[in-house]
Amino acid sequence: MDAAALTIAAGLDEGELRRHAAIMARLFAGRPLLVHGHHPHSRRAGDGIEFLDHRAYQPGDNLRDVDWLATLRTGRTQVRRYRLEASSDWTLCLDCSASMGLPSAAKWRLATQLTAALAYILIHLGHRVRLALFADSVRGLTAFGRGHGGYMAIVRELDRNRPPDGGGDSVPGRCIPYITGGGQAIVISDFLTDDAMHTDLARIAARTVHTRAIQVVDGDDCLVTGTGETTLFDIESGAELVVTVDAAAAAAVGSRLDQHRAGLQRHCERHAIGYTRADVAQTWQQILLDGIVRPGTHDA
Amino acid sequence: MLEFVSPGWLLSAPLLAATIWWIHRHGTRGRRRAVAALFPWLGVDRPAAGTTRRRLADPAWLRRAIAVALLAGMLAAPQWHSDSEGTAVVWFDNGRSMAAMETDGPRWRAALHALRQALQRRGVTTVLPRPLYSSSVLAEPAGPVTLIQLDHILAAWFEAPAIQGPLPPLPLDGHGHWLVSDLTDPRLEGWIRDADVHDVVAAGSASENAALTSLSLRPTLHDPGLLAGSVVIANTGRLQADGSVVVRVDGAQVFQQHWSLTAGESQSFAFATRVPGGGTIEAVLERAAGADALPIDNRLSLAVPANAWRARALIDPACSRALSVLLEATGLTTLVDRPPIDLDVRCSAVSSGIARPTLHVLDSGDPAATDRVDVQVAPDPVSGMPQATVHANLTATMAADADAQRLLRIASALGELLQTDVRDRIHRTENRVGDSQLRAAFEARPATETGPASDATRTAALWRWVVIPAVALLLYDLWRCHGGKRDAAVAPSPRVPGYRT
């Protein structure tokens, strides 16, 4: 691959992605990726690290796999079998509704960076990944793919789509038909709806073995410049509200948004959904390492 | 004092301001801002409906109204001039050649434009316009006028441009006199040199012009009912010109002749006709359309009364009999011995005391000057009446009395004399179009570039500082209306690289 194609304006380059993928491969060694108490992989024996069970030794088995304690205990030569770390299917659900374009382009930029980076890493780790861009409907969809082709399909889809200037809605539930049952899903959105998409998140979680919500947060979310009487309108629904903008109002809005995020976090905890907060002030690398790979840092 | 070129724009300012206020009062209240979600704002203090209706919707209306008013003021083209600035006396050439059509309009308009620029460079904002050639139909302003008013005055002047008559007295009063002319009058060079002329603004580039310079008639000696006529055509352009001259009496053609003249050349054509009951005789140069820069000098007409008018001449007893015969032979005079008279012919130093154009006839007594009659005309310093001095060898002239051509020349000379005062009653008319060199514009004393700032310059600087804030206000409003950060809200998504495993 030529060097020019590896450099991108958004702060992603293939070398960096590859390094992060390697780091994550090491971090994931011995434990399932992003899973807490679930079993994302098939329960077939094969090459892997996680112990599955014992079976009788057969000619050709690797002597390193012989479990001598089990052999002494049972009187027959036993070898350890490991869980086959075969690939699982991941669906990246990215919100491309109009709200992702406000209050600045930073939210959409970070969301696409995270999506591309996650796709790269997951593919690098051998998983099949698909992208579903949703608003009030599925605006873009790729097939489950691996390798360079699968990644490039996602990249092209990201490049083709962007938040519209207005209208639409944010309905992650539209992605459910495209999520493989027993697969895994990551929903990337600002979750700025009245119910913070609780219902749809729960439905997605019910269909997958694991679901993660990445909330993209901008400190200026829902705030406006200037003071005085202002007519606010929802970029998606068009609903209007006349308010008096001042410092107190801005503080109240900020407080309400904090409550809203906390509510989403609690909802994720209740439904065993991973939760990551991605602030536009952070880089995608920080978010990946701190919020996703090191579970517990921001997890519910 | 502040003046506006287009004051109508000032009226639009309050109308626009009122419109802006109305839109802000009754239109959508307050600013409109897009947000990702409205729910965080629910419960935030909302303005009471009653108070909202009473207050002005958005104070920005005042800012916008001011900006629009400033721009309307700019469109009104204000000009500032102070009375303390000097007033220039501008002698404007109102001759016919200044009415020549250039490629972009009459020559006098181009000259006026050049004058404006020159005056503005000097900081002169008011002028006292004076016509170079006097005319009974001219309306001269009583006092100084602005450069804007000058346009209207000149438009009135050039509705009937004057012929190039006597030049005005030399302006030697020490004021800054300006001359605007195409310099087709050769006498102007001396006038400029001798007078206290501050600057000369010359204009004119069109050079294709042929003109009828003279149309004259006189009764013939042998048949007083038969009028001997003469037309003179001059090519005052730079190229060969041709065409035909047609003479009509009350619309009926009596003479036609083709002519072709090189640059600077002139030609005279003689014809004879009878106008027994009186009428109008007209000579016309017929040329191809658009071939002539100054069509106004292609036509001359002459009203011939039923009974040919003769100037009543009181002849000095000291004059010779030969002069009396000559004057009668011209067909232009009737000798009388008492007032009322039209012409006073003196051959001695004794004055008749009658304020009339006076003809001083000086017999040169030179036998060699048989074919020469010189007429010099000058106004009387006391009465202002024209006085002519004729140097002639009358004896020799009388000897050739039968020679009609010579008499015609003498009659023409006398006619020129008489024209100075009673031109409307003389069988002679003419165009004066000047020399063949229609010179390109020049300035005798180019304006210095390092002079003090003129009012015009200051005005331009002043209004630049008015327009810039007005535009800045509107741009600021535009930016605010668009929501500032909203501009960057929807940016292209990042491009990511290919993948290689």
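Predicted model: local features only at pLDDT ≥ 70, side-chain atom pairs only at ≥ 80, totals over all residues.
Student: Why does Leu285(B) count as buried?

Tutor: A residue is buried if 20 or more other C-beta atoms lie within 10 Å of its own. Leu285(B) has 21 C-beta neighbours inside 10 Å, so Leu285(B) counts as buried.

Student: Where is the place of Leu285(B), and which residues does Leu285(B) touch?

Tutor: Leu285(B) belongs to strand S16 of chain B, residues 279–286. Leaving out residues up to four places away in sequence, Leu285(B) touches Ala210(B), Leu212(B), Ile233(B), Gly243(B), Val245(B) and Asn298(B). Twelve residues along the chain from Leu285(B) is Asp297(B), and the C-alpha atoms of the two are separated by 8.7 Å.

Student: What share of the contacts in chain B between residues at least 6 apart in sequence join residues at least 24 apart?

Tutor: That share is 73%.

Student: Why are H4(B) and H5(B) called roughly antiparallel?

Tutor: Two packed helices are described by the angle between their axes and the distance between the axes. For helix H4 (residues 107–122) of chain B and helix H5 (residues 147–157) of chain B, the angle is about 160° and the axes are 11 Å apart. Angles over 145 degrees count as roughly antiparallel. H4(B) and H5(B) are therefore roughly antiparallel to each other. Their crossing is right-handed.

Student: Which residues meet where H4(B) packs on H5(B)?

Tutor: From H4(B) come Trp108(B), Leu112(B), Arg116(B) and Leu119(B). They meet Leu147(B), Leu150(B), Asp151(B) and Leu154(B) of H5(B). By class, this contact has six nonpolar, no polar and two charged residues.

Student: What makes a set of residues a nonpolar core, and which members of the largest one touch the most others?

Tutor: The members must be buried residues of the nonpolar kinds that count for a core, joined through C-beta atoms within 7 Å. The largest nonpolar core has 76 residues, and Leu92(A), Cys93(A), Leu114(A), Ala119(A), Ile188(A) and Val35(B) touch the most other members. Helix H4 (residues 106–124) of chain A gives the most to this core, with twelve residues. A second, separate core of 36 residues includes Val90(B), Trp108(B), Leu119(B) and Val127(B).

Student: What does Leu114(A) touch, not counting residues up to four places away in sequence?

Tutor: Leu114(A) touches Ile188(A), Ile214(A), Ala278(A), Trp284(A) and Ile287(A). In soluble globular proteins, nonpolar side chains tend to be buried together.

Definitions and conventions
Residues numbered from 1 in each chain as written. Chains lettered and ligands numbered in written order. Contact = placed C-beta atoms within 7 Å. Buried ≥ 20, exposed ≤ 12 C-beta atoms within 10 Å, placed from the backbone. Helix = DSSP H or I, 4+ residues; strand = E, 2+ residues; numbered from the N terminus. Axes fitted to C-alpha atoms, helices over the stretch in contact; angles between N-to-C directions. Parallel < 35°, antiparallel > 145°, perpendicular 65-115°, else oblique. Left-handed = near helix turned anticlockwise from the far one by under 90°. Nonpolar A, V, L, I, M, F, W, Y, C, P; charged D, E, K, R; others polar.
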